[in-house]
Amino acid sequence: MRMTVIDRVRKVMDAAAVPQSAFAKNIGLTPDKLSKSLSGVRRFTSLDLARIAECGETTVDWLLTGREPLRPVFAARTSGATVDEGGRDRLRDLLERFTTAHEVLDALGRASELPELPCVRTDTGRYVDQGAALAEDALERLAANGVPAVGDLETSELVDALEHVFGVDVAKISLPDGVDGAAWQADGFRLIMTSQTPVPTRQRFTLAHELGHILARDAQDLLTESQLAPGRQKDLTEVRANVFAANLLMPRPELSAAVRGHTLTDEELWSLVVRFKVSPSALAARLSQLGFIDAGTRSRLRGVTTETCHLLTGHSDVLAARTAWSQAMRLPFRPIQALYDGYVAGETTLRPLAAYTGMAVDDIRAAIEPEPEDPAPAPAHADEGDLVFQP
């Protein structure tokens with residue numbers, strides 16, 4: 001027998017093990033309205049279903065369709081160190097926040113339509129070539145949407161562009177020790193998580209690396225990355241993601257224009273590190289691969305640090321600002337706005353927004369619905385209707 005919405009609501013009520021009148025009170029209905037809804041005389045509203053879902057610790061989507069909540073499967077592989085069980089639990093908790101928000105928005109009909117992704121050019125054969133071609137397609141898509149040269153974008157601007165152009169939610173959040181980033185995609189949902197870190201160049205490369213997995217459709221299962229080391233991965237999809245990241249962040253045309261066909265001085269190399277916001281070792285590898293520097297220059301550039309490059313070019317303040325941003329938490333804004341809009345429209349409660357942001361419901365309510373201030377009392381000497389002039 002096929003279950004209906006009413007059947008699933010009754011199942012939640014049975015699990016609650018409280019009288020029907022008490023259950024009605026818990027979800028903000030009168031016993032009469034709940035009885036009419038259970039008998040089919042009155043339809044459950046979206047707000048009713050949201051409250052019932054909260055009470056039953058399930059989702060509106062399950063109440064409406066019976067579909068089990070979408071949950072990511074952990075990939076059998078990780079890059080670098082293995083994530084221990086505590087780290088896996090932490091990742092599960094984080095994914096619960098993002099996945100639940102997606103399910104609520106989908107059930108409310110507020111999920112955004114995602115843009116189509118570029119296709120991997122499998123005819124190129126080698127994964128290295130696929131990564132380069134995929135980056136070329138991504139850069140063309142960004143340019144078509146009015147995004148200027150990627151090398152000139154601060155990472156905060158790059159994140160905004162990736163969310164808009166590719167429909168990827170990007171979270172900058174505390175991840176388990178040793179995990180630099182993670183990626184996951186499902187129907188209607190694309191997520192990149194990067195770790196809050198005092199190393200902005202690593203965060204930027206991880207962001208691009210994870211985007212490579214998303215665009216190549218590698219992240220159907222959850223992928224976690226740690227200790228990313230360009231050129232040292234054995235898994236071919238990791239190689240492809242690394243090549244993609246290098247080509248996206250340091251495009252050949254932009255580097256060629258910067259080099260201008262002459263031998264770069266050390267000062268010019270340091271300036272390129274600052275401009276492209278990558279590590280000296282990543283820049284050295286890319287310039288060498290393009291044939292713009294020789295082996296000796298590559299070795300010399302790899303011997304300096306990002307901090308030194310900023311210091312010697314007079315950009316220590318720039319590095320400080322980038323480091324501050326890379327250490328701050330960032331949640332994707334689109335789900336926040338959509339959940340809030342659903343609350344304002346009376347379609348759901350504040351609980352999904354609170355769960356997504358990690359804030360208490362009362363704190364959010366106080367922020368968006370402040371108590372009105374008491375009007376200032378009129379001066380004792382002023383009669384009603386008199387004009388009172390104050391300097």
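Here are a few notes on aromatic and charged side chains in this predicted model.

1. Let me start with the rings. Searching the whole structure turns up 2 aromatic pairs. In one of them, the ring centres of Phe 98 and Tyr 356 are 5.7 Å apart and the planes meet at 80°, so this pair counts as edge-to-face. Since Phe 98 belongs to helix H6 (residues 85-107) and Tyr 356 to helix H18 (residues 351-357), the pair ties together parts that are 258 residues apart in sequence. Phe 98 and Tyr 356 are both buried.

2. Trp 184 and Phe 189 make an aromatic pair too, again described as edge-to-face, with 5.5 Å from centre to centre and 80° between the planes. Both of these residues, Trp 184 and Phe 189, are buried.

3. A charge over a ring may also interest you. Lys 172 places its charged end over the ring of Trp 325, at 3.8 Å from the ring centre.

4. Now to Arg 8, which is found in helix H1 (residues 5-16).

5. What does the side chain of Arg 8 reach instead? Beyond its neighbours within four places in sequence, Arg 8 is in contact with Met 3, Trp 62, Leu 63, Leu 64, Thr 65 and Gly 66.

Methods
Residues are numbered from 1 along each chain as its sequence is written. This is a predicted model: local features need pLDDT of at least 70, side-chain atom pairs count only at pLDDT 80 or more; totals for chains, interfaces and linings use all residues. Side-chain values use heavy atoms; hydrogens and water are left out. Rings of Phe, Tyr and Trp (its six-membered ring) pair if their centres lie within 6.5 Å; planes under 30 degrees apart count as stacked, over 60 as edge-to-face and the rest as tilted. Helices (H or I, at least four residues) and strands (E, at least two) are DSSP runs, numbered from the N terminus. Buried means under 20% relative accessible area, exposed over 50%, partly exposed in between (1.4 Å probe, protein chains only). A charge sits over a ring if NZ of Lys or CZ of Arg is within 6 Å of the ring centre and within 35 degrees of the ring normal. Contact means heavy atoms within 4.5 Å.
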